[in-house]
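Hi,

Here is the structure for you to look over. My notes follow below.

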Amino acid sequence: MKKVVYLLISVLTVAMFCYSEYAEAVVTDGLVSYWTFDRHQVVGGTVKDVWGENDGTIVGNPKIVAGQVKDALEFDGSDDYVNLTNLGDFGSQIGASTFEAWVKTGFKENWMTLFKVIGRDCAGWGMDFNASNGAFLADVINLYIKHKSGEPDFKDKILNIKRGCGTFNSRRFLSICDGEWHHIVYVYKPYVDEVVREGAVQVIYIDGEQHRPRISVIVPRFTFIPFTEPVYLGAGNNRGKAEGFFHGIIDEVRIYNRPLTDAEVFQNFESKTGLSVEPAQKLPTVWGALKTTY
């Protein structure tokens, strides 16, 4: 009888442990691509996308170092970056998106880019650190997305409203260049009001905490168009030219085709396991061992 009790206690303990591990896994709903930068996922000059089909290409010589979760890539701020491709059809879905990464940097001497693509035909998306605030550099994070206005309608013609390129550009005075690990999440969500205005909500989370949303409104209506140029990580792709090279370490980069909720952002912030496929295999293995023992 004691053996049966011990067996049940052991199984319950393992089940609780596995549930805990699973609960710490990252959100996968809407996940487009995920680059862990773990050593076994970096082969030659290729960084494997462990969720989607957008393997990245290394440019320069970023080093594999200890990360927030297993391994990470360290960029020298000179010529290192990762070409993440144009992410397939994600460019056409950029109207609602989430970019997420762990970063560690103490560099404050110049502006630098975490990720960015500035394409032709008014397409663009990205994030800069140490952005210029007038004549000086500051602890500013710059959120960036570019769109193209649609064809003028009757009201536009009456109001003599021009069509062309437009940019949602939101800045936050936030200090993350302190040599510590920080979880950065950029959520972008467009909206349409009851009249003719369209705009966007840009939200940034630092270490699970949301920082003052910025609401941008523009007139007239706009449309997003797919960007054909690749997204660069660790630098900005300005119409094919790399600029604003990142100086520091980047880990656990994920892109979603929808805005994550507060709870989902916090779940990813707390996660220490990434996708965490091990628990599904762990319980049958331990169960078999227990049956053999008892």
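Which residue in β22 does Tyr34 stand opposite? Arg254. Before the rest, the ground rules. This is a predicted model, where local features need pLDDT of at least 70, side-chain atom pairs count only at pLDDT 80 or more, and totals for chains, interfaces and linings use all residues. Residues are numbered from 1 along each chain as its sequence is written, and side-chain values use heavy atoms, with hydrogens and water left out.

Strand β1 (residues 31–35) pairs with β22 (residues 247–256) in the antiparallel sense, over four bridges. Strands here are DSSP runs (E, at least two residues), numbered from the N terminus; they pair if DSSP finds at least two bridges between them. Five of the five β1 residues are buried (under 20% relative accessible area, 1.4 Å probe, protein chains only). Arg254 also lies over the face of Tyr34, at 4.8 Å from the ring centre (the cut-offs are CZ of Arg or NZ of Lys within 6 Å of the centre and within 35 degrees of the ring normal). Lys116 does likewise with Tyr144, at 5.4 Å.

Now the aromatics. There are nine pairs (ring centres within 6.5 Å; planes under 30 degrees apart are stacked, over 60 edge-to-face, the rest tilted; for Trp, the six-membered ring is used). Phe99 and Phe115 are stacked, because their centres lie 3.8 Å apart and their planes are at 15 degrees. Phe99 and Trp125 are edge-to-face, with centres 6.4 Å apart and planes at 85 degrees. Phe99 is buried at 1%, Phe115 at 0% and Trp125 at 1%. Phe75, Phe129 and Phe246 form one cluster.

Best wishes

Definitions and conventions: Buried means under 20% relative accessible area, exposed over 50%, partly exposed in between (1.4 Å probe, protein chains only).
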